[in-house]
Amino acid sequence: MSSASKTPSFVPADPATLHPETRLVHGGTLRSGFGETSEALFLTQGFVYESAQSCEARFKNEEPGFVYSRYANPTTEMFEQRMALLEGAEAARATASGMAAVQAALICQLKAGDHVLAAHALFGSSRWILDEFLPRFGVDVTLVNGTDIEAWRKGIRPNTRAVLLESPTNPTLDIIDIGAVAEIARGVGATVIVDNVFATPLLQHPLKLGADVVVYSTTKHVDGQGRCLGGIILTSRAFMDEHLQTYLRQTGPSISPFNAWVQLKGLETLGLRVDRMQASAARIADTLAANPKVARALYPFRDDHPQVELARRQMSGGGTLVTFSVKGGKEAAFRFMNALRVIRISNNLGDAKSLITHPATTTHQRFTPEARAEMGIDDGLLRLSVGLEHPDDLIADLEQALTHA
Ligand SMILES: *Cc1c(COP(=O)(O)O)cnc(C)c1O
């Protein structure tokens with residue numbers, strides 16, 4: 001789209017040959033005529049034209065360049081290109097939040113009479129879209145246990161248009177076989193959308209596993225320092241042109257260029273942060289599993305995870321989250337949380353700060369106790385998002401707090 005650069009931008013012959021860390025630092029950079037080192041923040045709504053003729057050509061898509069920041073913006077485009085290069089996607093569009101990305105990826109292609117098939121373990125707002133919102137417009141939705149491939153096979157219909165899943169799931173870190181689900185969906189031509197937040201763009205590549213669309217809440221690991229909301233949709237050029245581009249342009253869930261800039265710069269350190277958080281998470285999972293106050297510890301790369309083989313096949317690391325259950329239910333869980341001194345109580349994840357959540361009373365409180373039990377969410381269950389603190393300090397904090405559980 002853009003032609004703003006007079007000084008060298010980052011255009012290697014084949015960016016795919018570079019390691020992800022290098023793509024995260026340089027990918028997508030568009031330098032202005034000033035040759036700035038750090039990517040510029042183009043905090044502008046619109047653009048001016050040399051002439052009326054040029055304005056006309058820009059609107060007719062006959063001349064490259066920007067028109068209006070609801071459609072595209074140079075800073076936002078750098079963020080999109082950097083993410084596309086990392087993900088190996090042909091096209092990417094950033095959105096105001098993760099939920100803007102999830103809803104747009106779904107709704108842009110749906111019409112009355114279509115069917116959506118999804119795993120039941122989804123982010124709460126994604127569940128609302130499926131349970132409450134889409135049925136209002138005559139879209140049928142079926143939810144299945146995502147780990148049960150037979151259930152996906154039974155759930156698919158000739159009119160299934162979209163398939164939605166997250167893996168690892170929140171909060172129990174179940175692993176869904178993306179390749180197997182994609183194969184089932186391909187049989188009826190349904191679009192497979194993977195919400196890849198828990199895996200991060202570094203540890204799992206859904207497009208390579210057969211998915212058609214990947215969405216992120218970049219509010220999480222991509223920002224990584226708790227500042228801005230953001231989201232992104234990564235897909236093929238064909239899906240972008242056929243469904244998404246016009247939907248986004250006309251409905252306007254655009255990210256602020258400021259937020260896109262913060263997240264673009266966040267990408268530069270994503271590799272370092274995820275490596276460190278993941279190394280700490282693996283150590284913490286082992287420590288928790290050995291603690292007598294802990295009933296069970298769940299971590300995708302631990303040998304006792306029910307789907308460890310699939311996790312190892314599908315992901316290149318176990319991720320930055322650990323889920324565990326303290327003995328003694330809600331009372332014990334609350335005593336433990338309140339005794340933490342370094343780890344903070346919060347529903348967020350992927351942050352530099354380690355954050356702990358009690359799903360039964362927060363993210364999953366609207367479900368009945370039976371529904372929670374079915375999802376493996378008992379009253380002692382806690383989800384820990386491991387941050388950048390020294391792992392010894394985190395382990396010491398967890399161990400002292402567990403004496404109160
Ligand atoms: C946070 C989150 C979302 C929603 O993202 P927002 O940026 O808060 O809108 C969607 N899916 C998953 C898995 C998430 O963790």
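A residue is called buried here when its relative accessible area is under 20%, exposed when that area is over 50%, and partly exposed in between (1.4 Å probe, protein chains only). The structure is a predicted model, in which local features need pLDDT of at least 70, side-chain atom pairs count only at pLDDT 80 or more, and totals for chains, interfaces and linings use all residues. Residues are numbered from 1 along each chain as its sequence is written, and side-chain values use heavy atoms, with hydrogens and water left out.

Helices (H or I, at least four residues) and strands (E, at least two) are DSSP runs, numbered from the N terminus. H11 is mostly covered, with 8 of its 11 residues buried. Those buried residues are Pro257, Asn259, Ala260, Val262, Gln263, Leu264, Gly266 and Leu267. The cover over them includes helix H1 (20–26), helix H3 (74–87) and helix H12 (270–289). Where H11 starts, serine 256 brings a side-chain oxygen to within 3.0 Å of the backbone nitrogen of phenylalanine 258.

Next come the two domains. Taking contact as heavy atoms within 4.5 Å, 38 residues of domain 1 meet 37 residues of domain 2. The size of an interface is often given as the accessible area lost when the parts come together. Buried area is counted that way here (1.4 Å probe), summed over both parts, and between domain 1 and domain 2 it comes to about 3,000 Å², with carbon and sulfur atoms giving 59%. On the domain 1 side, Ile175, Leu203 and His221 lose the most area to domain 2, together 24% of what that side buries.

With a salt bridge taken as a side-chain nitrogen of Lys or Arg within 4 Å of a carboxyl oxygen of Asp or Glu, the rule finds 2 of them between domain 1 and domain 2. Aspartate 177 and arginine 313 form a salt bridge, their closest N and O atoms being 3.4 Å apart. A polar contact is a pair of N or O atoms within 3.5 Å; within protein, one must be able to donate a hydrogen and the other to accept it, and residues adjacent in sequence count only if both atoms are side-chain atoms. Between the domains, 17 residue pairs are in polar contact, both residues at pLDDT 80 or more.

Some local backbone features round out the picture. The loop between strand E4 (160–166) and helix H7 (178–186) holds proline 168, which is joined to serine 167 by a cis peptide bond with omega about -5°. Proline 171 lies in the loop between E4 and H7 as well, and a cis peptide bond links it to asparagine 170, with omega about 0°. Leucine 173, also found in that loop, has a positive phi near 60° despite being a residue other than glycine. At 1% relative accessibility, leucine 173 counts as buried. Threonine 200, in helix H8 (residues 200–203), has a positive phi too, near 65°, and is buried with a relative accessible area of 1%.

Methods
Buried area = accessible area lost by both parts, 1.4 Å probe.
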